[in-house]
Structure formats: structure tokens, C-alpha cells
Amino acid sequence: MSGPSSCSIYIGNLDERVSDRVLYDILIQAGRVVDLHIPRDRETDKPKGYAFAEYETEEIADYAVKLFSGLVTLYNRTLKFAISGQDKLAQNNLNGVVPVPNSSNRQRPSHPVLINNLEIPNHSMRLSAPSRVSAYPANDSLGS
């Protein structure tokens, strides 16, 4: 990942046995996952217990956090979900620090968006059902 973005989510309380594949298969239920990273300890090569996933849009990332929060338990651990960096922004605002806006935080245009020559108002662009598309072949076994 190239850095914090509002399309990125934090996943915490991960057991070290959770694989990239298992986590990906859960996260894809909310929408297209662009990137997934489970940091590892440099010396032991064991996972650090958290991960970051980047979704295609901010809306999908928000949807994923709302969808999965409090509902996903792996190896008797309930996973924690949040927009990546959100706690730092909230803490800075409490201390009187105002974050500098960047391109990912700018206002969206209020005019309709053209998709495949169809005019769709911005307010109607909501996720109605989770995506069930996987980037892995259907005949791929989980053991590989």
C-alpha cells in the first residue's frame, strides 16, 4: 500500500494462524479488495496480529467496516475493524490539530456521474448487496 487512505481499513485482533487467503475470502464479501497486507515480525516472521486492506472506494471501505464490525470471529477472536488512521485523526482533532485535506478527502461533485453512458446521481450510488466475486480460481484448494 502506498500510504494511509480512506479506502483502507484496519483489521485487528488477528490470530497468527489466519492466512491471507482466509482473510481475503472474508473481506471480498463487502467489495473488491485492491490490496491486503498482514505485517510480520522481522525476526520471527510471525504475523503481528493485525492487517490492512484497501478497497476500491471509500464507500466500500465504510460498508466493510459497518458490515464486519463485531460479527467476524476467527480462532475464538472477534476481529476489530476501522477505517485506517481514523483514530489518529480523531485524537488530533481533540488536541486542536486540524488535518490538512488531501485529494482523497475532497468533496465529491454534486452532479450526476456517467457510468457506461448512464446518468446516475451520486446519492444513489450505494452498495445493495455484497460482491461474491473472488480473484482465485474456483477449483483452487485452500491447502495450497
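What pattern does the protein chain follow when read along the sequence? The order is β-α-β-β-α-β-β-β-α-β-β, and the secondary structure comes to three helices and eight strands, where helices (H or I, at least four residues) and strands (E, at least two) are DSSP runs numbered from the N terminus.

The model is predicted, so that local features need pLDDT of at least 70 and side-chain atom pairs count only at pLDDT 80 or more, while totals for chains, interfaces and linings use all residues. Residues are numbered from 1 along each chain as its sequence is written, and side-chain values use heavy atoms, with hydrogens and water left out.

Four strands form an open, antiparallel sheet in the order β2-β3-β1-β6, two strands being paired if DSSP finds at least two bridges between them. Because β2 (33-37) and β6 (80-83) stand at the edges with a single partner strand each, one side of each is left without a neighbour in the sheet. Neighbouring strands are turned by 20° against each other on average, direction ignored. Within this sheet, β1 (residues 8-12) and β3 (residues 50-55) pair over five bridges, and the bridge partner of S8 in β3 is E54.

Two helices lie across strands of the sheet, as tabulated here with angles that run from 0 to 180 degrees between N-to-C directions of axes fitted to C-alpha atoms, for helices over the stretch in contact (heavy atoms within 4.5 Å).

| Helix | Lies across | Angle |
|---|---|---|
| α1 (residues 20-27) | β1, β2, β3 and β6 | about 145° to β2 |
| α2 (residues 58-68) | β1, β3 and β6 | about 155° to β6 |

Among contacts between residues at least 6 apart in sequence, 62% join residues at least 24 apart.
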